[in-house]
Amino acid sequence: MAILALMNDQKFEIRFAKEKDARPISELILKAVEGLEDKSYTEEQLSKWKKISSREAVEERLKKEKIFCAFDGENMVGTIGLEGHEIVAFYINPIDRKFGIGGLLISVVEDYALNHDITQLKIVSIPSAVSYYQKKGYTFVKDVLTVVDGITYEEMEMQKIL
């Protein structure tokens with residue numbers, strides 16, 4: 001499956017991730033997390049997040065998630081995953097933010113979900129991204145504490161009925 005999209009006079013290709021994409025996905029996640037403008041993570045949290053975002057970790061995720069990647073030519077500019085009815089690992093390269101790539105990826109995941117009889121999506125978000133998801137039609141459900149390798153992250157669960 002490959003989708004070609006034109007946004008702001010720029011062509012993007014969105015397709016399912018392949019095994020060879022594990023390293024670029026890992027690198028993109030690390031850039032995106034380090035490029036958070038609000039510094040949502042402490043140094044300790046960033047260190048753990050980098051560990052769970054390694055190439056090897058992404059290779060394991062590829063076995064259980066539907067992972068989509070957005071490309072501008074040969075450059076990966078965004079990625080988003082779907083595990084069951086939950087959006088996971090949604091990241092945009094910091095230099096490619098504000099071009100609509102994130103909205104495009106969310107639309108692709110929502111269309112995929114509907115075509116596979118998934119009528120509700122959930123996402124666990126850092127607090128600074130909540131307003132973005134609200135603009136995309138997601139509503140706040142509850143505050144959650146996510147624990148990764150003994151490190152706690154304060155996040156928010158959101159959902160959308162498709």
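The lining of the largest pocket divides into 22 nonpolar, 8 polar and 13 charged residues. Here Ala, Val, Leu, Ile, Met, Phe, Trp, Tyr, Cys and Pro count as nonpolar, Asp, Glu, Lys and Arg as charged, and the others, Gly among them, as polar.

This is a predicted model, where local features need pLDDT of at least 70, side-chain atom pairs count only at pLDDT 80 or more, and totals for chains, interfaces and linings use all residues. Residues are numbered from 1 along each chain as its sequence is written, and side-chain values use heavy atoms, with hydrogens and water left out.

Start at the largest pocket. Select Phe-90, Tyr-91, Ile-126, Ala-129 and Tyr-133: of the 43 lining residues, these lie nearest its centre. A pocket is an open set of points on a 1 Å grid over the protein atoms alone, where a 1.4 Å probe fits, with protein on both sides within 12 Å along at least five of seven lines; lining residues have an atom within 4 Å of a point.

Next, colour β5 (86-92). β5 gives the largest share of this lining, 7 residues. Strands (E, at least two residues) and helices (H or I, at least four) are DSSP runs, numbered from the N terminus.

Now move to the second largest pocket. Select Pro-24, Glu-74, Asn-75, Met-76 and Val-77, which lie nearest its centre among 16 lining residues. Then show α1, β3 (66-72) and β4 (75-83); each gives two or more residues to this lining. The largest share, 4 residues, comes from α1. By type, the lining of the second largest pocket has 6 nonpolar, 2 polar and 8 charged residues.
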